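Colleague: I would like to go through the features of this model one by one. Please give the rule behind each feature before the case.

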Amino acid sequence: MTKTKFIFYVCFSVSVFFLSSCATGRYYSQLRTSIEKEDYAQALTLAENSQSKYGDKNLFLYYIDIGMLAHLNGSYEQSNSYFEQAKQLYLENYTKSISAGLFSLFTNDNAVPYYGLPYEAAYINVFCSLNYIMQGKNNEAVVEARQADNLFKKLQADSQGKAFYQDDGFVRYFMGLVYENAGYINDAIISYKLALKTYPKSISKTNAPRDLINSLYNSYLALSMTSEAQNLKQEYPFVEKTNLKNEGELIIINYNGIAPEKTDYFLQMSFDRAWFYYKNAEITDEDKEQADRIASATIAGFSKDVIKFSFPKFVRIPNSIVSFSIKGSSEKSFTAQDMATMMENYLSHYNTTIYARTIARAVGRYLIAKQISNNVEKNSGEQTGSIVNALFNVANSLIEKADTRSWHSIPENINILRTAMNTGEQEITVNFYDKNSNIIKTKNIKVQITENKKTFIAVSSIEK
Amino acid sequence: MKKLLMFVCLLSCGLFLFSCSTKVTRVDVDEQIDLSGNWNDTDSKLVADEMINDSISRPWYDNFLKATQKNPRIIVGTVVNKSDEHINTETFVNDLQRALLNSGKATFVASKEQRDEIREERTDQAQFAAKPTVKQFGKETGADYMLRGQINTITDSLSGKTVKYYQVELELVSIETNEKVWIGQKKIKKYVAKSKYKA
């Protein structure tokens with residue numbers, strides 16, 4: 001083997017390692033700690049100073065993370081500004097990079113820019129519309145509802161109705177509320193009807209809330225669509241006419257828990273003439289991640305043959321809160337969207353493709369490495385061949401990494417409570433319950449209720 | 001091999017330098033630049049100019065002139081954004097006012113918010129300004145017509161292709177009689193195509 005060739009192999013291995021690695025340090029752990037403490041100002045500052053941790057390939061992810069943190073922090077205008085940038089990137093990301101795709105064939109899925117998932121695009125619209133409502137810009141909130149509608153139409157048209165995620169019962173329901181709030185009752189009816197149709201098919205397997213059906217009934221009555229209202233009452237006898245005299249409606253949107261974390265679940269098999277090493281592990285901690293990768297790479301360096309597969313897997317973040325209510329009120333919250341289940345089911349649906357791609361890539365990389373090492377051994381001797389083989393084994397072990405990119409700042413689920421309240425400023429106490437109906441957390445909130453109008457407030461909750 | 005390594009190094013340096021450069025160029029404000037296909041300044045100006053030209057060429061204008069021997073006084077009401085884009089209707093309203101004023105065929109009355117601000121200033125003058133310079137209350141000019149309207153869109157997308165259809169509707173309502181004296185409509189259709197892959 002010539003000296004130049006050897007240098008080339010070394011450079012290749014090192015550069016591949018650096019290009020494929022995506023070190024975020026302890027950023028996500030710190031972010032999660034701030035969110036768990038509900039210190040969103042701190043989380044937002046941390047994210048603002050950490051754009052470089054995401055890198056240019058993951059800008060979409062950066063903007064949705066920071067947009068959500070700004071939303072949770074009550075910085076609604078700032079949140080919309082971040083989400084608008086995310087929307088722009090999502091549209092631009094329709095055009096996929098061939099070079100990045102090819103590069104990922106030899107490295108891992110992290111080499112491809114994070115293009116964004118359809119449900120992420122839809123939830124940007126949900127949070128943006130809430131941002132506008134909180135600023136009193138109800139008409140702008142409706143623009144978000146129309147954008148969500150366009151997104152679903154596009155997803156359905158592009159896939160000819162076959163896409164796994166192509167509509168969302170909760171998004172339709174929420175946008176119905178947004179339309180109704182701005183006085184677009186006819187649009188609200190369409191949105192509620194679509195919500196009722198979509199909830200049973202939802203990938204999160206969430207049931208259609210009774211309040212949705214009641215909203216549809218009342219919207220029919222508001223437009224004097226009496227026969228439609230009667231038909232709905234026949235099917236759902238519990239619906240009733242809402243009469244808000246000297247009262248307004250309070251809608252509490254509860255962001256409960258933190259979205260599950262996507263982790264790296266890997267399997268490495270290392271062989272030598274005299275031994276066999278097998279490791280099957282789940283990397284759940286950023287500190288552990290580097291140590292695990294270095295340990296696996298070291299074992300790979302001392303092995304004759306190494307093959308490693310890494311797959312992404314969602315791990316839930318512990319949270320005991322399951323529901324909430326207002327002290328002194330009989331109304332209880334309902335789960336309007338189970339975000340965690342939606343994310344898990346979406347990933348599961350594409351697991352077969354991810355597994356096939358990962359296995360093909362690992363086997364392909366192994367065969368190429370073997371071929372090159374054997375050629376070097378034949379031409380330059382056993383010692384040089386062994387060094388090249390070791391370098392490839394180390395590189396292959398380091399390169400293999402699951403795509404663990406996901407939206408970190410969204411909640412585990414979205415709970416809603418709707419209730420009529422007397423007009424004027426009201427101070428309410430929100431009680432949060434665990435699965436045994438024990439109160440485990442309370443929050444006091446001041447709300448301003450306007451007669452015959454909806455007042456939206458967003459409340460987050462998490463308790464380990 | 002040495003040549004190949006040198007080529008790879010040069011290519012990497014070139015890509016690095018290009019990826020880090022930001023270019024800013026001054027362009028003429030009337031130059032038509034379409035980036036995303038969304039509603040932009042060109043659409044706003046185009047629609048405002050065409051619709052105002054249309055409005056003042058219709059019979060209501062001559063009828064008013066004949067009856068009063070003076071230019072109509074117009075106030076701009078709300079232009080509701082019913083589209084699926086966050087359109088700044090304020091800049092569109094300003095474009096409408098500019099087109100109407102520049103035509104020399106109408107005068108404008110300040111909007112509700114502007115009037116409140118001016119009234120506040122007048123109150124302030126009454127208290128603090130020198131007497132001969134104080135402006136009197138009750139001398140405001142009332143508008144004859146209100147211009148109001150809406151912007152609608154229909155978006156149709158398939159794969160990387162999108163058709164955006166904008167429909168702007170404006171109407172002029174007599175403040176005295178509530179009669180609609182003019183209804184104008186301007187449509188813009190855009191086709192936006194995106195390629196699925198890039199190098």
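Modeller: Start with surface patches, which are made of residues with over 30% relative accessible area and no salt bridge, like charges being joined within 9 Å and nonpolar side chains (Val, Leu, Ile, Met, Phe, Trp, Tyr) within 5 Å. Accessible areas come from the Shrake-Rupley method with a 1.4 Å probe, and for residues only the protein chains shown count as cover. Lys and Arg are counted as positive and Asp and Glu as negative, while His and the chain ends are left out. A charge is placed at NZ of Lys, CZ of Arg, CG of Asp or CD of Glu. A salt bridge needs a side-chain nitrogen of Lys or Arg within 4 Å of a carboxyl oxygen of Asp or Glu.

The model is predicted, so local features need pLDDT of at least 70 and side-chain atom pairs pLDDT 80 or more, while totals for chains, interfaces and linings use all residues. Residues are numbered from 1 along each chain as its sequence is written, chains are lettered from A and ligands numbered from 1 in the order in which they are written, and side-chain values use heavy atoms, without hydrogens and water.

Colleague: Which residues form the negative surface patch?

Modeller: Glu117(B), Glu120(B), Glu121(B) and Asp124(B) form it. Glu117(B) sits in helix H5 (residues 112-128) of chain B; helices (H or I, at least four residues) and strands (E, at least two) are DSSP runs, numbered from the N terminus.

Colleague: Is Glu117(B) buried or exposed?

Modeller: Buried means under 20% relative accessible area, exposed over 50%, and partly exposed in between (1.4 Å probe, protein chains only). Glu117(B) has 58%, so it is exposed. In chain B as a whole, buried residues make up 32% of the 199 residues.

Colleague: How many helices and strands does chain B have?

Modeller: Chain B has five helices and six strands, in the order α-α-α-β-α-β-α-β-β-β-β from the N terminus.

Colleague: Which residues form the nonpolar patch?

Modeller: The patch consists of Ile98(A), Leu102(A), Leu105(A), Phe106(A), Ile368(A) and Tyr197(B), with about 610 Å² of accessible area together. Helix H7 (residues 98-106) of chain A contributes the most, four residues.

Colleague: Now the salt bridges. What is the general idea?

Modeller: Side chains of opposite charge can pair when their charged atoms come close. Over all chains, the whole structure has 33 salt bridges. One of them joins the side chains of Glu38(A) and Lys443(A), at 2.5 Å, N to O. Glu38(A) lies in the loop between helix H2 (27-36) and helix H3 (40-48) of chain A and Lys443(A) in strand S10 (residues 439-449) of chain A, so the pair ties together parts 405 residues apart in sequence. Glu38(A) counts as buried, at 18% relative accessibility. Glu38(A), Lys441(A), Lys443(A) and Glu463(A) are linked in a network of salt bridges.

Colleague: Which side chain meets Glu180(A) in a salt bridge?

Modeller: That of Lys454(A), at 3.1 Å, N to O. Glu180(A) is in helix H10 (residues 169-181) and Lys454(A) in strand S11 (residues 454-461) of chain A, 274 residues apart. Lys454(A) is buried, at 15% relative accessible area.

Colleague: And what lies around Asn125(A)?

Modeller: Contact means heavy atoms within 4.5 Å. Leaving aside neighbours within four places in sequence, Asn125(A) is in contact with Lys87(A), Glu144(A), Gln147(A), Ala148(A) and Met175(A). Asn125(A) lies in helix H8 (residues 118-134) of chain A and is buried, at 4% relative accessibility.
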